[in-house]
Amino acid sequence: MPDDEGHPTVEEMELGPVLAALADPLRRRVVSELAAAPDGTARTCSSFELPVSKATVTHHFRALREAGLVQQVSRGNSRMATLRRADVEQRFPGLLAIVAAERESAAGRGE
């Protein structure tokens, strides 16, 4: 059962919701940036500078959290997001490498 914040356990993480969360390019960008950072890096949602409204940012992070891709904790008036790297790798080995490869490929094309 997900915790009070909506974070599923590793066993509760399902491929459908994870792929649905990653289907959106902005959410993939968040996961990709967190995957490129050192393990345990925590960032505020606003630090990603997504080109959408605050309400839409909240929606994107809820989708990532409920899929099990990120852990969010409240810090004052903001929320910090951390990639659940070990959990994702345990449940879906190689998935983060695929997301990272897409980022590297786009960088190589100058995108």
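## Salt bridges, sheet and pocket in a predicted model

Glu33 and Arg29 form a salt bridge in which the closest N and O atoms are 3.2 Å apart. This description rests on a predicted model, and the distances and angles below are computed from it. Because Glu33 and Arg29 are four residues apart in helix 2, about one helical turn separates them. The two partners fall into separate accessibility classes: Glu33, with a relative accessible area of 18%, is buried, since buried means under 20%, whereas Arg29 counts as partly exposed at 29% relative accessibility.

### Salt bridges

Five salt bridges are present in the structure. One of them brings together the side chains of Asp39 and Arg85, with a distance of 3.1 Å from N to O. Asp39 lies in the loop between helix 2 and strand 1 (42-44), while Arg85 belongs to helix 4 (residues 85-91), so this pair ties together parts of the chain that are 46 residues apart in sequence. Asp39 itself counts as exposed, at 59% relative accessibility. Salt bridges with shared partners also join Arg29, Glu33 and Arg43 into one network.

A further salt bridge is made by the side chains of Glu102 and Arg28, which meet at 2.8 Å, N to O. Here, too, distant parts of the chain are linked, as Glu102 sits in helix 5 (residues 95-108) and Arg28 in helix 2 (residues 25-36), 74 residues apart. Glu102 is partly exposed, with a relative accessible area of 38%, and Arg28 is likewise classed as partly exposed, at 21% relative accessibility.

| Glu102 | Arg28 | 2.8 Å |

Three strands make up an open sheet in the order 1-3-2, and their pairing is antiparallel. Strand 1 and strand 2 (70-75) stand at the edges, each with a single partner strand, so one side of each is left without a neighbour in the sheet. On average, and with direction ignored, neighbouring strands of this sheet are turned by 30° against each other.

Strand 2 and strand 3 (residues 78-83) run antiparallel and are joined by six bridges. Among the residues that face each other across this pair, Gln72 has Ala81 of strand 3 as its bridge partner, and Gln71 stands opposite Thr82, also in strand 3. The two strands form a hairpin with two residues between them, and Gly76 in the turn has a positive phi of about 65°.

Helix 2, which holds Arg29 and Glu33, lies across strand 1, strand 2 and strand 3, and runs at about 70° to strand 3. Helix 3 (residues 54-67) lies across strand 2 and strand 3, and its direction makes an angle of about 125° with strand 2.

Where does the largest share of the lining of the largest pocket come from? Helix 3 supplies this share, with six residues. The pocket has a volume of about 330 Å³, and of the 15 residues that line it, Cys45, Ser46, Lys54, Val57 and Thr58 are the closest to its centre. Helix 3 and strand 3 are the elements that give two or more residues to this lining.

His60 also has its place in helix 3. Is His60 buried or exposed? At 6% relative accessibility, His60 counts as buried. Leaving aside residues up to four places away in sequence, His60 touches Asp24, Leu26, Arg27 and Val52.

Arg91 is partly exposed, with a relative accessible area of 37%. Not counting residues up to four places away in sequence, Arg91 touches Val10, Glu11 and Met13. Arg91 and Leu15 are 76 residues apart in sequence, while their C-alpha atoms are 8.9 Å apart in space.

Methods
Residues are numbered from 1 along each chain as its sequence is written. This is a predicted model: local features need pLDDT of at least 70, side-chain atom pairs count only at pLDDT 80 or more; totals for chains, interfaces and linings use all residues. Side-chain values use heavy atoms; hydrogens and water are left out. A salt bridge is a side-chain nitrogen of Lys or Arg within 4 Å of a carboxyl oxygen of Asp or Glu. Buried means under 20% relative accessible area, exposed over 50%, partly exposed in between (1.4 Å probe, protein chains only). Two strands pair if DSSP finds at least two bridges between them. Axes are lines fitted to C-alpha atoms, for helices over the stretch in contact, and angles run from 0 to 180 degrees between N-to-C directions. Contact means heavy atoms within 4.5 Å. On a 1 Å grid over the protein atoms alone, a cavity is a set of points where a 1.4 Å probe fits but cannot get out, and a pocket is an open set with protein on both sides within 12 Å along at least five of seven lines; lining residues have an atom within 4 Å of a point. Grid points are joined across faces, edges and corners, and a volume is the space filled by probe spheres set on the points.
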